[in-house]
Amino acid sequence: MTRKWLLTFLTGAAIALAASPGRAEIAASIEYDFVAPPASLPAELQPHDGMSLRFLAIKAIDGYGVDAALWQPDGKEPADTTLVVMVHGSGDNYQHGPQGALGVWFAAKGYAALSISTRQHDANINTENFFDVRRDIEAAVQTGRALGYKTLVLQGHSLGNIQVQFYAATNWDADIKAVMLLGPFSNLPWKTRNILVKNEDTFKALIDAAMKSLRDGTLDKVLPVKMHYFTGQDVAVTGQHFLTYRWSETSVADGTFWIRRIPKPILIVRDQSDALIQPFEPEQLVAAAHAEGSLAPVIDYVVLSDARPVSLKAHYFDGNEQPLADVITKWLAERGL
């Protein structure tokens with residue numbers, strides 16, 4: 001027997017052994033670990049009486065690292081506690097408002113809260129593929145289950161609202177009991193074209209550049225054309241972000257489509273002085289949830305009173321965190337959660 005045939009035989013034997021019945025292998029996994037607190041945390045992420053605050057490093061199923069914070073009320077077992085999984089908006093993170101402040105208020109009211117930084121956090125803003133964020137939410141949900149929580153609620157703020165809607169509409173898990181949308185837009189591709197960019201020549205240039213990136217295999221690279229943003233600046237955007245979020249022909253970031261496909265109770269909250277989300281946007285979501293064939297059993301819309309001038313701060317419920325927490329926890333309690 002020559003060396004070549006010997007190697008072939010050994011390779012074949014190894015393959016047969018690996019494929020033999022009763023020998024299960026792990027193809028992919030979600031992992032988590034508790035880690036030390038990061039430096040320079042805001043006041044909301046400091047220790048508070050009556051609750052614990054721990055930090056996690058979670059590995060999503062595709063290997064992406066998800067940082068997270070977990071608030072837990074003292075004296076309650078996870079199996080007897082509702083866990084709110086919180087997803088932030090564009091370029092934010094698990095520390096920023098309203099997530100950080102709500103974690104404290106939730107724990108004070110007897111709820112646990114897991115706030116995560118998705119793969120579009122901070123400097124990764126406007127770069128990600130919409131579909132990949134579901135893996136970050138999935139990693140958080142599975143981590144919550146592994147920690148012993150049997151009752152879960154999904155919460156999305158701003159851009160996180162559409163990511164949570166998509167996840168809830170495509171994962172009908174029995175332990176996910178409700179969905180909460182804070183400062184939600186209704187139809188992001190329409191809003192991007194008609195409210196943010198407001199320039200057809202520029203928008204068509206973005207379409208052309210994004211489609212070229214698809215053909216060239218450079219979807220994850222920044223486009224040569226910038227996108228006008230709510231900050232008033234022209235910002236960098238990748239082809240994969242533009243195609244999956246911003247153009248109606250390819251985007252799936254339309255809440256009026258997904259909200260009617262969520263078979264769970266839904267709460268929408270908008271700050272009255274929110275400068276980013278127009279008053280008609282949550283109304284469009286409510287109308288869609290009430291449309292014929294909608295799966296949503298309940299949808300409640302609350303406008304949070306705010307006498308201050310219209311501002312971007314109000315989009316983050318800055319200074320209005322306690323009333324927001326009161327509205328949310330009252331709504332959850334009314335549903336036995």
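Q: Two strands pair if DSSP finds at least two bridges between them; which residue stands opposite isoleucine 268 in β10?
A: Leucine 181 stands opposite isoleucine 268, and strand β7 (residues 176-182) pairs with β10 in the parallel sense over four bridges. Strands (E, at least two residues) and helices (H or I, at least four residues) are DSSP runs, numbered from the N terminus. This is a predicted model, in which local features need pLDDT of at least 70 and side-chain atom pairs count only at pLDDT 80 or more, while totals for chains, interfaces and linings use all residues. Residues are numbered from 1 along each chain as its sequence is written, and side-chain values use heavy atoms, with hydrogens and water left out.

Q: OK, and how many bridges does β10 make with β11?
A: There are six bridges between β10 and strand β11 (residues 299-304), again in the parallel sense, and aspartate 271 stands opposite leucine 304 in β11. With helix α9 (residues 280-289), β10 and β11 make a right-handed β-α-β unit, where right-handed means that, with the strands pointing away from the viewer, the path from the first strand over the helix to the second runs clockwise.

Q: Are the faces of β10 covered or open?
A: Both faces are covered, since Ile266, Ile268 and Arg270 on one side and Leu267, Val269 and Asp271 on the other are all buried (under 20% relative accessible area; over 50% is exposed and in between is partly exposed, with a 1.4 Å probe and protein chains only).

Q: New topic: how many aromatic pairs does a search of the whole structure find?
A: The search finds eleven, where rings of Phe, Tyr and Trp (its six-membered ring) pair if their centres lie within 6.5 Å, and planes under 30 degrees apart count as stacked, over 60 as edge-to-face and the rest as tilted. One of them joins phenylalanine 131 and phenylalanine 166, with centres 6.0 Å apart and planes at 75 degrees, so this pair is edge-to-face.

Q: Where do those two sit in the chain?
A: Phenylalanine 131 lies in the loop between β5 (112-116) and α3 (133-146) and phenylalanine 166 in helix α4 (residues 159-170), so the pair ties together parts that are 35 residues apart in sequence. Phenylalanine 131 is partly exposed at 35% relative accessibility, whereas phenylalanine 166 is buried at 9%.

Q: And which charged end sits over the ring of phenylalanine 257?
A: That is arginine 261, 3.7 Å from the ring centre (the rule asks for NZ of Lys or CZ of Arg within 6 Å of the ring centre and within 35 degrees of the ring normal).

Conventions:
Pairing = 2+ DSSP bridges.
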